[in-house]
Amino acid sequence: MAANRRNGMHPSEPGLVGIVSGARVLPRMSLPTVATVVGAVAALYFGREIFLPIAIALLLTFALAPMVSALKRIGIPRLPAVIASVMGAFTVLALFSFVVATQVGELAQNIPLYQSNIVTKIRSLKETGVSGGIVARLSGVIERVGQELDRQETSQPAADQPRREPVPVEIIARERPLQVLQNLIGPLISPLASAGLIIVVVIFMLLEREDLRDRFIRLVGYGDLHRTTEALQDAGKRVGRYLLMQLVVNILYAIPITVGLWVLGIPNALLWGLLALALRFVPYIGPIIGALLPLFLALAVAPGWSLVLWTAGLFVVMEMITGNVVEPWLYGSRTGLSPLAIIVAAIFWTWLWGPLGLVLSTPLTVCLVVLGRHVPQFEFLDVLFGNEPVLELHARLYQRLLAGDPEEATDHAEEFLEEKYLFEFYDKVAIPALLLGEQDRVRGVMGDEQRRRVAASAQTVVANLEDSAREEAEEDEPAAAEPAPADEDKQAQGESEDDTELPDGTDMSVLCAGGRGELDDAAAAMLAQVLEVQGATVSKASFADLDPASIRRLELDAVDTVVVGFLNRDSVKHARFLVRRLKRAKSTLRVGIVFWSEDGGDKKTAVELANDINADFVAYDMVEAVLGALSSDPPVALKVAAKRRMRRRPRPARKAPLAAAK
């Protein structure tokens, strides 16, 4: 039973690497850092006319750089490759804008044709609604406001004022042809100039990309070339991959939307498909805006409500397929941003740069997160906006135990157990969490009430995982009869030669006890559950049961091995006395001591320590404890302490009494 369970860890498992390093601490922002952030935000806000085109050009450079590299690989020189890539991209954008403008103009001409359907639907809502409904109330308010405005306009002048007849006035505009041309072209100059500036900047950024990279490294990261180079590569890779994958996802989303709207008979289906493609670059609210406009048009086109429902169903189905199938397949969460960070970033960049800032919010925030990931002064950006957990698994578990929330702690444990075994969770997460509690107790920052709450919460987590332990034991029963794979098979399967199999505990009885406190009892309960999964008969005892007055009341007749655990490594003397008392209670008893540790211990030191305290074995982690508890080695005999002989001083000779001498 459970003979095929391994101690090896998957190197790619997130959250297990660096588990001993402790919780990630948010760096404290110094005054210069705060001043730098405030100054940068102010500069971006007041200089948006300058920085916005540069930001767009930078992102387009990230997006077009892979295309330029691909053209260079097939033999095209740099300058033609850059010009071809830029012209191709902006031609596509210009064609996109032209089609949208044409479709919008056509739609504007047909809007009056749908007026009767809109009025009919509003009347039907008003007639079917109750007298106190929302439509009736809104209609009443609008009617009262209109009546009040009419009353003010038609009010008669005072009697004492003579009535004046209105004088007709005719305005004749005399504009020169040059002025008319200026009025037409003036509004177009600003966007055309910005577009031309962006094109020029993109071309020069692509041509001088390596030189700009070297200059940036010389300015900000010459002292740490490795970190700066890694940051630049990470930023370029993340932003370029995000833009490319998002474009592919949006195209796969827009094509079925266009076809579906055309089949349903929605006018200008191409327009709504193109808008859906563009608006999905706006996080969260973009798809909603892209769906509202076709829904309003479906409301105006047909007199009934079926077309509205079909249109809404089309957008809902496509959004579910795209969000749950297409995006995880092609894109996933590769931006490195948390969902809340995307929303906050959208609000911030919209306030900073308007609608264009909303579109650019996600890629710009990705650059900030990469900056925080590689530059220590800006690490708070990665902590605030990144999607990676900022607390290690054991620190997060300890925080939940401190809060007295074993339910959430159990949820985290069950997520871990979806891919790992129970002993791995206890060894790499739960025991280190209890060690944090023991450290706080030793430092004096944890009171008795807190210690009991943490221990009780840990015991509750162990009880909640009882079903998982039972399922794990049942799953491993058929595998017990299978022979262990040979060394060649192990290497073929990618297993490590140092992996140790946990033995079968059938027909073995073990007593697990805490050493000196409630936290030790919780650790003993975890070890007991792992031994039960291995098939052993396990009983538990509290640290209070090991007192000199209570230890003889322990039922040790059917027990083969007693395992006592200590979270405090400075408990060697206490462990020595416990081993002596337990072996005196039963001479054939095997007694093992576990000094729980995050980084394990030296086996040679463990053997020497076991000889020193007269224990059968000394362990430092869950695997060593299970191996020692389920071992079939004979018990170590109790060493008899050598009795010290008291040296007697020679007695002085008695002097005879004076009378006798006489």
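Two strands are taken to pair if DSSP finds at least two bridges between them, and the strands themselves (E, at least two residues), like the helices (H or I, at least four), are DSSP runs numbered from the N terminus. The structure is a predicted model, in which local features need pLDDT of at least 70 and side-chain atom pairs count only at pLDDT 80 or more, while totals for chains, interfaces and linings use all residues. Residues are numbered from 1 along each chain as its sequence is written, and side-chain values use heavy atoms, with hydrogens and water left out.

With those terms in place, the parallel strands can be followed from E4. Val-591 of E4 is the bridge partner of Val-562, and strand E3 (residues 561-566) pairs with E4 in the parallel sense over six bridges. Between these two strands the chain passes through H22, and the β-α-β crossover is right-handed; this term applies if, with the strands pointing away from the viewer, the path from the first strand over the helix to the second runs clockwise. E4 also pairs in the parallel sense with strand E5 (residues 617-619), over three bridges, and here Ile-593 stands opposite Val-618.

Six of the six residues of E4 are buried, a word that means under 20% relative accessible area, with exposed over 50% and partly exposed in between (1.4 Å probe, protein chains only). Both faces of the strand are covered, by the count of Arg-590, Gly-592 and Val-594 on one side and Val-591, Ile-593 and Phe-595 on the other. The loop between helix H22 (572-585) and strand E4 (590-595) holds Ser-587, which is exposed, with a relative accessible area of 60%. Ser-587 lies 7.4 Å from Leu-638, C-alpha to C-alpha, although 51 residues separate them in sequence.

E1, helix H21 (residues 518-533) and E2 make a right-handed β-α-β unit. Strand E1 (residues 509-514) has six of its six residues buried, so it is largely enclosed by the rest of the structure.

Elsewhere, helix H10 (residues 285-301) has 17 residues and should span 24 Å at 1.5 Å a residue, which agrees with the 25 Å between its end C-alpha atoms; the expected span is 1.5 Å times one less than the number of residues. Among its buried residues are Gly-286, Pro-287, Gly-290 and Ala-291.

The structure also holds nine aromatic pairs. The rings of Tyr-45 and Phe-46 have their centres 5.1 Å apart and their planes at 85 degrees, so this pair is edge-to-face; rings of Phe, Tyr and Trp (its six-membered ring) pair if their centres lie within 6.5 Å, with planes under 30 degrees apart counted as stacked, over 60 as edge-to-face and the rest as tilted. Tyr-45 is partly exposed, at 28% relative accessible area, whereas Phe-46 is exposed, at 69%. The rings of Tyr-45 and Trp-351 have centres 5.2 Å apart and planes at 15 degrees, so they are stacked, and this pair links helix H1 (residues 31-46) with helix H12 (residues 339-353), the two residues being 306 apart. Arg-48 lies over the face of Tyr-45, at 4.6 Å from the ring centre, where the criterion is NZ of Lys or CZ of Arg within 6 Å of the centre and within 35 degrees of the ring normal.
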